[in-house]
Amino acid sequence: MAMGLEELQLQLEKVLCEVSEDILVKLAVFFKLDEVKYQGKSKLSITRVLRREIEEQVAQIEDENQCRVFLEEIRGQLIEITDKEAPPKETGNKELEVLKQQLDNLEKDHQKQVEALQSKMEESELKATATSVSKPTTNDLKSVLRREFKINGQIGEPGQKDKLTFVSLVRQIESASSKGYSKTEVIDGVIRAIIPSMQLRSYLETVSDLTLPKLRAILRSHFQEKSATELYQQLTTIVQSPEESPQSFLIRTLDLCQKVLFASKEAGVKIKYDESLVQGLFLHSLETGLHHEAVRTKLRPFLQQPDITDELLIEQMNIIVSTETERQKKF
């Protein structure tokens, strides 16, 4: 049965951890990496570089079969390099058996390590409960086993199709911070998500003392995001387009309202807009921006409620438009 992509990638990571530093260097030469990335580096550093290189290339391959072929090629290259360094065998069949045995041993060792760590986690929890002395927690041990932080999606040029938006990217950054990832892990994850050929990535990789607020400011500039003041002014003048339905206009206005609040919370913003102020402007702009008089008249009582929720407003808009459409069909 064909090996799954995740299982194959996991086995490659195990082998990378087990082979010698010389083999890692030869694999780096196979990938044509810059010498500065592995010459004179420790085995752990070279392993991280190779793992990131493999993950980046896998992320760029959309076809699953091509991805499997790529991983099998790396696996074959590792076997070839290991074979050259190993003592000569009597037959090719014995070499294959030895390699299979090594792979089985790696899988067994990995399972034993996981079980050992789980056992230590349970022991630590029991000791912490019994003694009230500060001991390693389950979260501490889980942090050792967790995978490195990765951004879901790619960062491309502003407005590029199928690439991340600034708001989506910031949401993932904030989520990672709330899950306990360090600032360095988050920053590295964001940089790895940038398309390798972009100058933005090259620039960020060379910036010293890069902080999260500084990174967010650079990304906001890259995405050409408008300031809170510009968005607030845009909200004051928003109107329904001739070909736009009342429901679509409502969603567009809600989106702009949220963008004002989001931009107002960014670090370094000189003018911050209170949520109640933005809500009031939103309700006023929605009423004055609607073209259809009958829809505006029926919706007005709800727009006079400052604390009305978005979902209730959307529901009432749908009811009003549906009723008005039915009425027009009768005449």
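Helices here are DSSP runs of at least four residues, numbered from the N terminus. The model shown is predicted.

View 1. Helix H2 spans residues 21-30, and its buried residues include Ile23, Leu24, Leu27 and Ala28. These four cover an arc of only 145° around the axis, so they sit on the same side of H2. An α-helix has 3.6 residues a turn, so residues three or four places apart point the same way. Lys32, which follows H2, has a positive phi, near 60°.

**View 2. Gln240 in a loop.** Gln240 belongs to the loop between helix H11 (228-236) and helix H12 (246-264). Its relative accessible area is 6%, so Gln240 is buried, the limit being under 20%. The side chain of Gln240 reaches the backbone oxygen of Glu244 at 2.6 Å. Residues that Gln240 touches include Phe249, Arg252, Leu290 and His291.

**View 3. The rings of Phe166 and Phe223.** The model has 4 aromatic pairs. In one of them, the ring centres of Phe166 and Phe223 are 6.0 Å apart and the planes stand at 55°, so this pair is tilted. Phe166 lies in helix H7 (residues 166-178) and Phe223 in the loop between helix H10 (212-222) and H11, so the pair ties together parts 57 residues apart in sequence. Phe166 is buried at 1% relative accessibility, and Phe223 is buried at 9%.

**View 4. The rings of Tyr232 and Tyr273.** With centres 4.3 Å apart and planes at 10°, the rings of Tyr232 and Tyr273 form a stacked pair. Tyr232 is in helix H11 and Tyr273 in the loop between H12 and helix H13 (275-289), 41 residues apart. Both Tyr232 and Tyr273 are buried.

Key
Residues numbered from 1 in each chain as written. Predicted model: local features only at pLDDT ≥ 70, side-chain atom pairs only at ≥ 80, totals over all residues. Heavy atoms only, no water. Helix = DSSP H or I, 4+ residues; strand = E, 2+ residues; numbered from the N terminus. Buried < 20%, exposed > 50% of the residue type's maximum accessible area, 1.4 Å probe, protein only. Polar contact = N/O pair within 3.5 Å; in protein donor to acceptor, adjacent residues only side chain to side chain. Contact = heavy atoms within 4.5 Å. Arc of directions from axis to C-beta. Phe/Tyr/Trp six-rings, centres within 6.5 Å; stacked < 30°, edge-to-face > 60°.
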